[in-house]
Amino acid sequence: MSASGMSETNEGGQERKPSRMALPQRSNPGAAPGGGQSYREIAERMKKVQEEQRLVVERMRQIPYKVAVLSAKGGVGKSFVTASLAMALAMMGKVVGVFDADFHGPSMPLMLGLSQVKGLLARDDGSIVPAVNVYGVRLVSVGLMLPSEEAPVIWRGSLKTTAIRQLLAYTDWEGAEYLLIDLPPGTGDEQLTIAQTIPGLTGFLLVTIPSDVSKVVVKKAAAFAQKLNVPLLGIVENMSYFRCPDGSVQYIFGKGAAEEIAKEFNVPLLGQIPIDPRIREATDAGVPFFLEYPDSEAAKVFLEMARRFVEVVESKGGKSNKGANGSEES
Ligand SMILES: Nc1ncnc2c1ncn2[C@@H]1O[C@H](COP(=O)(O)OP(=O)(O)OP(=O)(O)O)[C@@H](O)[C@H]1O
Ligand SMILES: [Mg+2]
């Protein structure tokens, strides 16, 4: 949908109509919480929430593998891992959708090369059509609905929960086999909502860097997943080391943290990705760094990580698991 509410045109000249679904708004910003609402209004609202949750269950049932990328720590490379993994999976022939659940700092449009897209298409039946990048990755992000990249989203937790539920209820992922969810840092509203709203969430993929401070925070994320009974699929250690031009290795953020977390939480360490400035350049340009620099060590390590990720995820057989809300796929 276009935040401006006007029809817009994307790069290919395709008309983008405003979605029927508006970004959630406070019904009466001036009113005290719950003030002035009749029982009927409250009952109607609850009915709508139930109907949306039913739609979420229906849509999510059609996607075999749903993985949220989690790290309680900011800036460790969650979004880089999500975007690059999505494109690597697409190149392996998988149909991939990405849901950007980072409303305050949505980076998926940029990292997937879709920052030019303004607004999302909606069909007559009200379903939202994701934007699709040149590698075939489908994306839904609040970032695609904002009037500019700098426009802030100022939402409280309840509004974010509503937005996640509605976007998942109305988006038609068009045959996606994988849904990757990019989460903001922390273990708050978005993480909880994703875990509780998506039935049969295959699991969380943990991302960390080797620093002690990151280790402590990422352990919290792992404990959070366990508490919610969501499987931990694996851990990716990013920025693990830097290989100097003379071939020597510098452990800039320390060493051994991911191994420790993997052991403690009994999750596979899927890969240790080095620091490579070309990763930042490529992700900022919305192109997969492993295609730009296929001979780089980072590319080789990343693609091996992606292969192991697929192995782990698909070993789950696309079966349902109980969501924290107790709902279950059939
Ligand atoms: N291995 C790496 N080598 C070099 N740069 C990297 C590497 N991994 C990520 N980066 C860069 O580091 C920056 C932060 O990464 P990213 O935005 O993916 O982190 P994040 O965990 O999603 O952050 P946030 O918590 O704010 O969502 C980006 O500019 C990204 O391109
Ligand atoms: Mg991010």
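**Helices and a ligand**

Tutor: Let's begin with a helix pair: helix α1 (residues 39–61) and helix α4 (residues 157–170) pack with their axes 7 Å apart, at an angle of about 50°. Keep in mind that this is a predicted model.

Student: Are α1 and α4 roughly parallel or oblique to each other?
Tutor: Their angle is about 50°. Angles under 35 degrees count as roughly parallel, and this pair is therefore described as oblique.

Student: Is the crossing of α1 and α4 left-handed or right-handed?
Tutor: This is about how one helix passes the other. When α1 passes α4, the crossing is left-handed.

Student: What about α6 and α7: roughly parallel or oblique?
Tutor: Helix α6 (residues 212–227) and helix α7 (residues 257–265) have axes 11 Å apart and an angle of about 25°. The cut-off for this label is under 35 degrees, so α6 and α7 are roughly parallel.

Student: And which hand does the crossing of α6 and α7 have?
Tutor: Here we look at the pair packed at about 25°. The crossing of α6 and α7 is right-handed.

Student: Which side chains have a polar atom 2.8 Å from an oxygen atom of ligand 1?
Tutor: Phe-80 also sits 2.8 Å from a ligand 1 oxygen, but through a polar backbone atom. The side-chain contacts at 2.8 Å include Ser-79 and Thr-283.

Student: How much of ligand 1 does the protein bury?
Tutor: Taken alone, ligand 1 exposes 640 Å². Of that area, the protein buries 80%.

Student: How many residues in the shell around ligand 1 are nonpolar?
Tutor: In total, 18 residues surround ligand 1, Lys-78 and Asn-238 being among the closest. The shell has 4 charged residues, 6 polar ones and, as the number you want, 8 nonpolar.

Notes: Residues numbered from 1 in each chain as written. Chains lettered and ligands numbered in written order. Predicted model: local features only at pLDDT ≥ 70, side-chain atom pairs only at ≥ 80, totals over all residues. Heavy atoms only, no water. Near = heavy atom within 4 Å. Polar contact = N/O pair within 3.5 Å; in protein donor to acceptor, adjacent residues only side chain to side chain. Areas by Shrake-Rupley, 256 points an atom, 1.4 Å probe, with all protein chains shown as cover. Nonpolar A, V, L, I, M, F, W, Y, C, P; charged D, E, K, R; others polar. Axes fitted to C-alpha atoms, helices over the stretch in contact; angles between N-to-C directions. Helix = DSSP H or I, 4+ residues; strand = E, 2+ residues; numbered from the N terminus. Parallel < 35°, antiparallel > 145°, perpendicular 65-115°, else oblique. Left-handed = near helix turned anticlockwise from the far one by under 90°.
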